Amino acid sequence: MSYSAVHRKTLDNGLRVVIAPSETSAVVSITVGYHVGSQNERDGIRGYAHFFEHLMFEGSENVPKGEFDKICSASGGENNAFTTFDKTVYYMKLPADQLEMGLYLESDRMRAYAAGQEAVTAQQGV
């Protein structure tokens, strides 16, 4: 695999961006990590980090509930997420020509999360 130089930048809002381009790869990987996990929860009140991980798939202002996965799959991609002790991570693998769409989905979820009470109620059982 041929990699160019890895590029790192911290944006004014604190978001750290790392780009590791490969001229020969037919796929791209987008990973968005948040430094929040079960370590940030209080004793007796557990599961919130995982709960919010699930809620982030429940819709945004521009991508209604259920459409994130449909758009990703229809573009030939796959995505998922996980929560650990100290982080919550969302990841997506897509054909390289779908990078812009993948970045749009992740940025929209980050900026315009909009799950309502129905989603909260549905995820409480998880």
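## Overall layout

The chain's secondary structure comes to 4 helices and 5 strands (DSSP runs numbered from the N terminus, with helices being H or I of at least four residues and strands E of at least two). Starting at the N terminus, the elements follow the order β-β-β-α-α-β-β-α-α. Please keep in mind that this is a predicted model, where local features need pLDDT of at least 70, side-chain atom pairs count only at pLDDT 80 or more, and totals for chains, interfaces and linings use all residues. Residues are numbered from 1 along each chain as its sequence is written, and side-chain values use heavy atoms, with hydrogens and water left out.

The C-alpha trace spans about 50 × 30 × 25 Å along its principal axes. Of the 126 residues, 30% count as buried, that is, under 20% relative accessible area with a 1.4 Å probe and protein chains only. Among contacts (heavy atoms within 4.5 Å) between residues at least 6 apart in sequence, 58% join residues at least 24 apart.

An open sheet is formed by 3 strands in the order 3-5-4, with antiparallel pairing; two strands pair if DSSP finds at least two bridges between them. Strand 3 (27-34) and strand 4 (78-83) are the edge strands, each pairing on one side only. From one strand to the next, the twist averages 15 degrees. Here axes are lines fitted to C-alpha atoms, for helices over the stretch in contact, and angles run from 0 to 180 degrees between N-to-C directions.

Strand 3 and strand 5 (residues 88-95) run antiparallel and are joined by 8 bridges. Val-32, for instance, has Tyr-90 in strand 5 as its bridge partner. Helix 1 (residues 48-55) packs on the sheet, where it touches strand 4 and strand 5, and its direction makes about 165 degrees with that of strand 4.

## A helix pair

Helix 2 (residues 67-74) and helix 3 (residues 99-112) pack at about 170 degrees, with axes 10 Å apart. The two are therefore roughly antiparallel to each other, a label for angles over 145 degrees. Phe-68, Ile-71 and Cys-72 of helix 2 make the contact with Met-101, Leu-105, Glu-106 and Arg-109 of helix 3.

## Leu-94 up close

Leu-94 sits in strand 5 and is buried, with a relative accessible area of 1%. Its C-alpha atom is separated by 6.5 Å from that of Ser-29, 65 residues away along the chain. Not counting residues up to four places away in sequence, Leu-94 touches several residues, including Val-28, Ile-30, Cys-72 and Met-101.

Methods
Parallel < 35°, antiparallel > 145°, perpendicular 65-115°, else oblique. Buried < 20%, exposed > 50% of the residue type's maximum accessible area, 1.4 Å probe, protein only.
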